[in-house]
Amino acid sequence: MTAILITGAAGFIGANFARFWRGRYPGDEIVVLDLLTYAGDRRNLDGCADVTFIEGDIGDEALVTRLLRERVIDTVVNFAAQTHVDRSIDDPDAFLKANVVGVHGLLKAARRVWLDAGSGRPHRFHHVSTDEVYGSLSPDAPAFCETTAYAPNSPYAASKAAADHFVRAYGQTFGLQATISNCSNNFGPFQHPEKLIPLFLINALEGRALPIYGDGLQVRDWLFVEDHCAAIDLIVRQGRPGESYNVGGGAELTNLGLIERLCQALDRQFAAEPALAARFRSAPAANGLATSTLKSHVGDRPGHDRRYAIDDGKIRGELGFAPSRDFDASLAATVRWYLDHEDWWRGAMGEAHQGWLERNYRQRPGSGAI
């Protein structure tokens, strides 16, 4: 039996991973640690049985040290992070504190318990990162691989790159059994409404504009969150310590292409379920119009990377990873989840988040777009 600490587990990917791990390993002890910032929501773990929730900061070394010792934790999976690029432009300090200083505190606690104390216990420290650390690709450039040089272009990406380097350094210098995964854009249930797919979906349901940065031809690869969880599971159990693994969804789309598919998926749901028109009266699909009529172009954001693409040959070849279903099926399941969980996303759009929307999405040209 494993005792696992999942940090940032009240957030989007962390909560999905806690649910995945509980379903896959029902006998394991799961401890989750989350600071419950605006993007963390205790409701994300509702129904996830036998999980010990601790509210706290990964940078609190005393707290993390106590948890690792008292719970005899042998596995840490770190999702805790500030992740929104626009927010990192507004307040880089918050990203430095959470994504660099916080991760270093977590590493120091792990070193103290697993290495300095000489317990001799096998252990694994897995750090979840992003493809944004690699910077931007030209249209015909090869996809990012694990040896691609880091070239972050936003404060968010820079903070994640710094954390990656610290994790690697703790493996090389102190012998921490650490792995890193760099994933492409995730989507799925429990994603905070500030992110692209839920933001545009909710805007469409409420008849608000779908603001697109610049020409909308920026390219991203899309990964369904359940597939990401399965990939992390493989890395934790079978990945080689000291290695990084890129995780992609095999769905490289322009922003315009993604938005069109999202609009079409929502239109199909309204056509199949006439009762939706009564629930969301302001939606174009409730009034005989295509959701795509809400699209609008706005000014580009500073430092907007043009293209991300993932070469995931390493994790496929070494660990046998492959996404479980195609993009359109995963997108349809995501749209269905948000339609079925209106109370959740309305609750997630609390006063603090609404205030941030007012200050940034409406006042700064181009903000709130993709």
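This is a predicted model: local features need pLDDT of at least 70, side-chain atom pairs count only at pLDDT 80 or more; totals for chains, interfaces and linings use all residues.

Analyst: With a relative accessibility of 53%, lysine 97 lies above the 50% cut-off and therefore counts as exposed. Setting aside residues up to four places away in sequence, lysine 97 touches Asp57 and Gly102. Its C-alpha lies 18 Å from that of asparagine 153, a residue from which lysine 97 is separated by 56 positions in sequence.

The packing partner of α4 to be considered here is helix α5, residues 155–174, and the axes of the two helices come within 8 Å and cross at roughly 15°. Since angles under 35 degrees count as roughly parallel, α4 and α5 are therefore roughly parallel to each other. The crossing in which α4 passes α5 is right-handed. On the α4 side the contact is formed by Pro92, Phe95, Asn99, Val100, Val103, His104, Leu107, Lys108, Arg111 and Leu115, and these meet Pro155, Tyr156, Ser159, Lys160, Ala162, Ala163, Phe166, Val167, Tyr170 and Phe174 of α5. Sorted by class, the contact of α4 with α5 comprises 14 nonpolar, three polar and three charged residues.

Helix α1, residues 12–24, packs with helix α7, residues 225–238, at an angle of about 65°, and their axes are 9 Å apart. The crossing of α1 and α7 is right-handed. Phe12, Ile13, Asn16, Phe17, Phe20, Trp21 and Arg24 contribute from α1, while Val225, His228, Cys229, Ala230, Ile232, Asp233 and Val236 contribute from α7. By class, ten nonpolar, two polar and two charged residues make up the contact of α1 with α7.

Helix α6, residues 196–205, and helix α11, residues 327–340, have axes that come within 11 Å and cross at roughly 55°, an angle that makes α6 oblique to α11. This crossing of α6 and α11 is right-handed. From α6, the residues Ile197, Pro198, Leu201 and Leu205 meet Leu331, Thr334, Val335, Tyr338 and Leu339 of α11. The contact of α6 with α11 has eight nonpolar residues and one polar residue, and no charged residues.

Leaving aside neighbours within four places in sequence, phenylalanine 190 is in contact with Phe12, Asn16, Arg19, Arg43, Asn44, Trp337, Tyr338 and Trp344. Among these, Phe12 and Asn16 also take part in the contact of α1 with α7, and Tyr338 also takes part in the contact of α6 with α11. At 11% relative accessibility, under the 20% cut-off, phenylalanine 190 counts as buried. Its phi is near 70°, a positive value in a residue other than glycine. Between phenylalanine 190 and serine 324 there are 134 residues of separation in sequence, and their C-alpha atoms are 19 Å apart.

Aspartate 50 likewise has a positive phi in a residue other than glycine, with a value near 55°. This aspartate lies in the loop between β2 (29–34) and β3 (51–55), and at 67% relative accessibility aspartate 50 counts as exposed.

As for the whole, the secondary structure of the protein chain comes to 13 helices and twelve strands. The radius of gyration is 20 Å, close to the 21 Å that the globule rule gives for 370 residues, so the chain is as compact as a globular protein of that length. Along its principal axes the C-alpha trace spans about 65 × 45 × 40 Å, and buried residues make up 54% of the 370 residues. Of the contacts between residues at least 6 apart in sequence, 80% join residues at least 24 apart.

Technical notes:
Residues are numbered from 1 along each chain as its sequence is written. Side-chain values use heavy atoms; hydrogens and water are left out. Axes are lines fitted to C-alpha atoms, for helices over the stretch in contact, and angles run from 0 to 180 degrees between N-to-C directions. Helices (H or I, at least four residues) and strands (E, at least two) are DSSP runs, numbered from the N terminus. A crossing is left-handed if the near helix is turned anticlockwise from the far one by less than a right angle, and right-handed if clockwise. Contact means heavy atoms within 4.5 Å. Ala, Val, Leu, Ile, Met, Phe, Trp, Tyr, Cys and Pro count as nonpolar, Asp, Glu, Lys and Arg as charged, and the others, Gly among them, as polar. Angles under 35 degrees count as roughly parallel, over 145 as roughly antiparallel, 65 to 115 as roughly perpendicular and the rest as oblique. The radius of gyration is taken over C-alpha atoms; the globule rule is 2.2 Å times the number of residues to the power 0.38. Buried means under 20% relative accessible area, exposed over 50%, partly exposed in between (1.4 Å probe, protein chains only).
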